[in-house]
Amino acid sequence: MLQNIRVVLVNTSHPGNIGGAARAMKNMGLSRLVLVQPKEFPAADASARASGADDVLGNAQVVDSLEQALVGCSLVMGTSARERSIPWPLIDPRECGAKAVAHATGGEEIALVFGREHAGLTNEELQRCHFHVHIPSNPDFSSLNLAAAVQVLSYEVRMAWLAGQGAAAKVEKVDASELATMDEMELFYDHLEKTLVDIGFLDPEKPKHLMARLRRLYGRSSVERPEMSILRGILTETQKVARGEPHKRKD
């Protein structure tokens, strides 16, 4: 089940932090590491800080974008150290661990996303997440090292997993067989945006926060694949009407 949970590091600047994150993951039984455009990898500093977690580093996947890192994921939780202009569903590490295990137990692919050491995740990157995870550290000294943040969330995942061993009823299983993945959701968001432009509801010159708010709406809805087909069909027929094309009523 833990193989369904991946740790995603975005634009990590120091390879030592990648190694530290790999060590933290292996300590807690996680092994899938995805790196989005790391500044330097592979590197000797990464191997040194991994302290024996070389298998995690050796199997790490390096990709060019967060979108690629999230392919196949049905639940994405990103770390956020500060409030954003558009409030997003906010959870703490314990809730994050419980949700990760519940969904992974049902067969879903889960991503725990961590941002840059100096600036975290951008608003656009966080909008690709279903939940924002806030680690309630000391407000007078709140900055956490990247590997330490990975350790906190990995620990909570393991604690939730251990709680479910021999007591499956304690962990609510989520059936992932019908849930739309993040890449499927991204195709839907692109289709939705184009349709809203076609009907004049969205001004691409002044988009404001419309798409971000719609992402938040659908992101908390656990959209299933049959529902996604219905939504995409509605958008397609709406575009036909906007273009003046003939269409048939669905019985």
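Helix packing and a buried histidine

Met 228, Leu 235, Glu 237 and Gln 239 are the buried residues of helix H10, where buried means under 20% relative accessible area with a 1.4 Å probe and protein chains only. This is a predicted model, in which local features need pLDDT of at least 70 and side-chain atom pairs count only at pLDDT 80 or more, while totals for chains, interfaces and linings use all residues. Residues are numbered from 1 along each chain as its sequence is written, and side-chain values use heavy atoms, with hydrogens and water left out.

The buried residues of H10 pack against helix H8 (182–198), contact being taken as heavy atoms within 4.5 Å. Helices here are DSSP runs of H or I with at least four residues, and strands are runs of E with at least two, numbered from the N terminus. Just after H10, Gly 244 adopts a positive phi of about 80°.

On the H5 side, the residues in contact include Cys 96, Ala 100 and Val 101, and on the H7 side they include Leu 153, Val 157 and Trp 161.

His 130 sits in the loop between helix H6 (123–126) and strand E7 (131–133), and is buried, with a relative accessible area of 11%. Neighbours within four places in sequence aside, its contacts include Trp 88, Pro 89, Met 182 and Gly 219.

Note on methods: Buried means under 20% relative accessible area, exposed over 50%, partly exposed in between (1.4 Å probe, protein chains only).
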